[in-house]
Amino acid sequence: MVARRYQKVQSRNQMMMYPFCLDDYVSADNPVRVIDAFVDSLDMEALGFRHADAYGGAGQPAFDPALLLKLYLYGYQERVRSSRRLAAEMRRNVEVMWLCQNAQPSYRTIAGFRRNNGKALKAASRAFVAHCRELSLIGGSTVAIDGTYMKALAGVASFHTKRTLARDLERVEALIAAYYRQLAEADGESDGAAEDAVSDDAPSDAAAKGVVSPDSEARLEALNERKRKIEALSERRQESGEGQVS
């Protein structure tokens, strides 16, 4: 008996008998059949897709917008967003070959379709998701977010009690007071620099340093706005009669 170390593979030059038609490669329950049936039921012209009417001009006719919409819905389902990758899928993916009937538009054509039919694409995608929900193809019970930081509505930082509001107000008032002191010191330096300028024609560096920058005024206004928000939260908590407010 001859020992075989590996599984037997097929020669690339071996002749094969493929199924008679492309439809035999796609199972009856394949999701691409849902996309195909859904798009075929749409009124592309009413949705506002370009080139949805019959072509009667000169030159090369455009690709059917329904075909390109099927391709984009497939990319939406399979998380393939790049026009170049979608074009590659049309040449190597049997499902996409079946869905688009072996058409092979360039990535520029695919990108142009998306660019020129943005509003219609959004409407069609919205209708497709609703259609899938009606057929129970989308459960909608689980949402997974990876690598995204979100501020929770009911997080610890969003709750304010009487004590925390008083503490925050005290901190903001201290920062505002510190800024007013800085502004006063800047005014004093400016006045001193002006007196020096009377006896000396040369420009003084102290005068330049004493100018209040627009950034300082903006930060002071931001602190005042924060103070107003804290005071509004305090009033809301008192009116509600509860110990805390979110």
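## Overall composition

Of the 246 residues in the protein chain, 26% are buried. The structure described here is a predicted model. Its protein chain contains 10 helices and two strands. Read from the N terminus, the order of these elements is α-α-α-α-α-α-α-β-α-α-α-β.

The accessible surface of the protein chain is about 18600 Å², and carbon and sulfur atoms account for 51% of that area. When contacts in the protein chain between residues at least 6 apart in sequence are considered, 65% of them join residues at least 24 apart.

## Helix α3 and helix α1

Helix α3 covers residues 65–78, and helix α1 covers residues 31–40. Two packed helices are described by the angle between their axes and the distance between the axes. For α1 and α3, the angle is about 140 degrees and the axes are 10 Å apart. The two helices are therefore classed as oblique to each other, because an angle counts as roughly antiparallel over 145 degrees. The crossing of α1 past α3 is right-handed.

On the α1 side, the contact involves Pro31, Val32, Ile35, Asp36, Phe38, Val39 and Asp40. These residues meet Ala66, Leu69, Lys70, Leu73, Tyr74 and Gln77 of α3. Sorted by class, the contact of α1 with α3 comprises nine nonpolar, one polar and three charged residues.

## Helix α3 and helix α4

Helix α4 spans residues 83–92, and its axis comes within 11 Å of the axis of α3. The axes cross at roughly 105 degrees, and α3 and α4 are therefore roughly perpendicular to each other. From α3, the residues making the contact are Leu67, Leu71, Tyr72 and Gly75; from α4, they are Ser83, Leu86 and Met90. By class, the contact of α3 with α4 has five nonpolar and two polar residues, and no charged residues.

Leaving aside neighbours within four places in sequence, Gly75 is in contact with Val80 and Leu86. The C-alpha atoms of Gly75 and Arg85 lie 9.1 Å apart, with the two residues separated by 10 residues in sequence.

Ser83 belongs to helix α4. Its relative accessibility is 12%, so Ser83 counts as buried. With neighbours within four places in sequence set aside, Ser83 is in contact with Tyr72, Tyr107, Ile110 and Ala111.

## Helix α3 and helix α6

Helix α6 consists of residues 107–116 and packs with α3 at an angle of about 90 degrees, the axes being 11 Å apart. Helices α3 and α6 are therefore roughly perpendicular to each other. Pro65, Leu68, Leu69, Leu71 and Tyr72 of α3 make the contact with Thr109, Ile110, Ala111, Phe113 and Arg114 of α6. The residues of this contact divide into eight nonpolar, one polar and one charged.

Leu69 takes part in the contact with α1 and in the contact with α6. Leu71 and Tyr72 contribute to the contact with α4 and also to the contact with α6.

## Loop residues

The loop between α5 (94–99) and α6 includes Gln101, and Asn102 lies in the loop between α5 and α6 as well. Although Gln101 is not a glycine, it has a positive phi of about 55 degrees. Asn102, a residue other than glycine, also has a positive phi, near 65 degrees. Gln101 has a relative accessible area of 64% and is therefore exposed, whereas Asn102, with a relative accessible area of 46%, is partly exposed.

Leu135 is located in the loop between α7 (118–134) and β1 (160–161). Its relative accessibility is 46%, so Leu135 counts as partly exposed. Leu135 and Val34 are 101 residues apart along the chain, and their C-alpha atoms are separated by 9.8 Å.

Terms used. Residues numbered from 1 in each chain as written. Predicted model: local features only at pLDDT ≥ 70, side-chain atom pairs only at ≥ 80, totals over all residues. Heavy atoms only, no water. Axes fitted to C-alpha atoms, helices over the stretch in contact; angles between N-to-C directions. Helix = DSSP H or I, 4+ residues; strand = E, 2+ residues; numbered from the N terminus. Parallel < 35°, antiparallel > 145°, perpendicular 65-115°, else oblique. Contact = heavy atoms within 4.5 Å. Nonpolar A, V, L, I, M, F, W, Y, C, P; charged D, E, K, R; others polar. Left-handed = near helix turned anticlockwise from the far one by under 90°. Buried < 20%, exposed > 50% of the residue type's maximum accessible area, 1.4 Å probe, protein only. Areas by Shrake-Rupley, 256 points an atom, 1.4 Å probe, with all protein chains shown as cover.
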